[in-house]
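Biologist: I have a structure on the screen and would like to learn how to read it with care. Could you take me through it feature by feature?

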Amino acid sequence: MTGDQLAALRTPAGQAVLAAATELAGADPLAAAAALRARDVEPALAAAALTQAELRRRAEPKFGPDAGRMFFTRAGLEQATRSVVAARRAARLAAAGVRSLADLGCGIGSDAIAAARAGIRVYAVDADPATAAVAAANAAALGLAHLIRVECRDATDVDLSDVDAVFCDPARRSGRTGRRIFEPPSYSPPWDFVAGLPARVPRTVLKLAPGIDHELVPPGAEAEWVSVAGDVVEATFWCGPLARVPRRASLLPADHQLTGGGQARAPVGPVGPFLYDPDGAVVRAHLVAELAETLDGVLADESIAYVYASRAVQTPFARCFAVEEVIPFSVKRLRAALRARGVGRVEIHKRGSAVDVEALRRSLRLSGSAAATVMLTRVAGAPTALLCAPVGR
Ligand SMILES: C[S@@+](CC[C@H](N)C(=O)[O-])C[C@H]1O[C@@H](n2cnc3c(N)ncnc32)[C@H](O)[C@@H]1O
């Protein structure tokens with residue numbers, strides 16, 4: 001969306017077209033375009049309104065009812081922080097006494113909006129003119145323009161002498177292909193600039209890809225991994241006085257938190273009657289040993305994050321399975337074991353196995369009526385299949 005199209009959509013006439021496009025969202029695109037043309041809507045505005053209506057619909061899982069009042073670019077929506085994550089971050093900043101924040105690379109403004117709602121004054125910049133215009137439109141649409149000042153400029157030029165804290169969520173996708181970029185050297189603003197922020201503004205918060213290397217956590221910072229409904233969505237580095245613990249795994253929406261040093265090693269032992277498959281945030285945060293301790297559990301292979309224990313207990317940090325059979329891995333043996341149990345439907349999980357799950361599923365050729373869960377893993381280095389049943393679900 002161009003700045004001109006956004007401006008046209010924000011006029012009273014544009015809002016009426018957008019409302020009409022919203023009614024048509026989900027309809028056949030050609031029929032929807034024809035319906036708007038029949039109302040004498042100029043084709044470029046009709047196309048912009050239909051795209052915007054579609055993006056609002058797709059934004060609902062991230063933004064809830066706000067999505068219906070906000071504006072989006074396609075890339076901006078994809079990169080935007082979910083409101084549940086942004087609100088939690090903003091609450092922590094406000095609780096730490098932050099009253100003013102620079103948001104460097106604000107995108108469509110999700111984090112800036114959450115900070116403003118927590119009572120923080122935000123100076124938000126984005127280098128992309130259309131994105132910055134969308135952020136400003138969103139601040140206005142949500143009644144927060146008095147707290148959010150948006151400018152289109154390069155983050156590396158911003159004077160940071162006047163803010164309590166800095167937030168930076170660098171772009172992590174290539175513009176050309178839309179593929180994710182995991183290597184920090186490809187971040188924009190550049191990694192050197194991002195990594196240098198804590199030295200300039202001690203209360204710096206960085207939002208990074210979940211795959212970020214622990215080696216890159218700034219000295220003394222807290223590294224938090226956040227998952228939403230089991231999907232790890234980001235790593236957050238809380239620098240300077242904002243750090244509380246070395247490592248934290250936070251599971252949203254319920255906000256269960258596991259903390260620790262991130263250095264401990266879980267004891268290694270035999271496969272037990274219950275297997276715990278930790279949430280990805282726990283694994284990414286290197287807190288499997290801390291989880292194992294709460295379960296009185298062990299790993300069956302020192303490099304694989306399945307925890308085995310003798311009891312089934314409720315924990316938000318892992319899914320629990322009863323281990324029914326331990327099979328040294330071979331397709332033939334696994335097929336025989338599943339057939340003996342009349343299994344036709346199989347859920348296959350893996351940790352530490354290079355097996356192609358779909359190819360395995362095809363080669364198992366199962367036809368029974370029972371269901372089973374198979375964990376492909378390693379036990380003391382040996383490829384192993386565990387036949388399991390979920391506990392408590
Ligand atoms: C991951 S997005 C931010 C998303 C935002 N936190 C949100 O939740 O909506 C990163 C943004 O940084 C912007 N950006 C990239 N390089 C920049 C730079 N050097 N200066 C300012 N903004 C930049 C991109 O245009 C993009 O909108």
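Biologist: Which residues come nearest to the ligand?

Modeller: A residue counts as near if one of its heavy atoms lies within 4 Å of the molecule; of the 22 residues around the ligand here, Thr 81, Asp 126, Ala 155, Asp 169 and Ser 188 come nearest. This is a predicted model, in which local features need pLDDT of at least 70 and side-chain atom pairs count only at pLDDT 80 or more, while totals for chains, interfaces and linings use all residues. Residues are numbered from 1 along each chain as its sequence is written, and side-chain values use heavy atoms, with hydrogens and water left out.

Biologist: Which polar backbone atom is 2.8 Å from a nitrogen atom of the ligand?

Modeller: A polar contact is a pair of N or O atoms within 3.5 Å, and in this case the backbone atom belongs to Ala 155. A polar side-chain atom of Asp 154 also lies 3.2 Å from a ligand nitrogen, and a polar backbone atom of Cys 106 is 3.4 Å from a ligand oxygen.

Biologist: What is the order of the strands in the open sheet?

Modeller: Strands are DSSP runs (E, at least two residues), numbered from the N terminus, and two of them pair if DSSP finds at least two bridges between them. The 9 strands here follow the order S3-S2-S1-S4-S5-S7-S6-S8-S9, with mixed pairing. Strands S3 (148-152) and S9 (256-260) stand at the edges with a single partner strand each, so one side of each has no neighbour in the sheet.

Biologist: In which sense do S1 and S4 pair?

Modeller: Strand S1 (residues 100-104) and strand S4 (residues 165-168) pair in the parallel sense over 4 bridges, and Leu 104 stands opposite Cys 168 in S4.

Conventions: A polar contact is a pair of N or O atoms within 3.5 Å; within protein, one must be able to donate a hydrogen and the other to accept it, and residues adjacent in sequence count only if both atoms are side-chain atoms.
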